[in-house]
Amino acid sequence: MARSFSWLSFLALWLFAACMGLMEAAVVVYLRALGSGTGSELEQVHELMRTLDTRLLLIERQREAATIVILLVAALLFSQRFAYRVLAFVLAFGIWDLTYYGFLRRMIGWPTTWTTLDVLFLIPNPWIAPVACPMLVAGSMVVFASLYLVLARTRALKSPHPTAWIGMTIGVALVLFSFMNSKDAYMRATGQIPRFGWSWFLGGYVLMVAAGVMMLIQLYREPKARFF
């Protein structure tokens, strides 16, 4: 029985996603160059959204959608097995997001703090949150997907327990809700930064981590399979 992916493809996925992060950071540097880049965090968010008029907003959403498609294609090429493809996408997405912030920090010294506000995504509506939130989620995605893929090379894959799937689904939904539920408050030019929904985010994040740990433990306990 052949292995479902090679270490070379694993490393290539890391390199590919990191390069995507560099390209994403470069695009954001250009977008920020269109504005003054000064003012409070909230003022900079407003300035970015004003810079993206209706036409540019549509183009930017198309670019974001294309980026996701590119990551999906890389995941499809990673392996012939559906489970490994899903894990490859999770890994690539996490690497892409982490390296994006890393390159931004290196290029323009931004974000300045872990609580700096950022417009994370524009599909279907703006996602706004402190940068610590997407970095925490992305880091967890990288750790989870990497460990699962490494363990899966020597163990028989079985579908995770339904409890883990339910916990992961609810956790993801809560995290996304925390990113999008206050967008209108953030977009009001009041000069006061709205309170971020930390309770929604942390609740969802804890559920995601707990579900991920359950999946890893279940896989670890599976009998080892010999591959030739």
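**Entry 1: salt bridges.** I searched the whole structure and found three salt bridges (a side-chain nitrogen of Lys or Arg within 4 Å of a carboxyl oxygen of Asp or Glu). The model is predicted, so local features need pLDDT of at least 70 and side-chain atom pairs pLDDT 80 or more, whereas totals for chains, interfaces and linings use all residues. Residues are numbered from 1 along each chain as its sequence is written, and side-chain values use heavy atoms, with hydrogens and water left out.

**Entry 2: the Arg63 network.** I noted that Glu24, Glu60 and Arg63 are linked in a network of salt bridges. Arg63 pairs with Glu24 at 2.7 Å, N to O. Arg63 lies in helix α3 (residues 54-78) and Glu24 in helix α1, so this pair ties together parts 39 residues apart in sequence (helices are DSSP runs of H or I, at least four residues, numbered from the N terminus). For Arg63 and Glu60, the closest N and O atoms are 2.5 Å apart. Arg63 and Glu24 are both buried, and Glu60 counts as buried at 9% relative accessibility (buried is under 20% relative accessible area, exposed over 50%, partly exposed in between, with a 1.4 Å probe and protein chains only).

**Entry 3: Glu222 and Lys158.** I looked up the salt bridge of Glu222 with Lys158, whose closest N and O atoms are 3.7 Å apart. Glu222 lies in the segment after α8 and Lys158 in the loop between α5 and α6 (162-180), so the pair ties together parts 64 residues apart in sequence. Glu222 is buried at 13% relative accessible area, whereas Lys158 is exposed at 52%.

Key:
Helix = DSSP H or I, 4+ residues; strand = E, 2+ residues; numbered from the N terminus.
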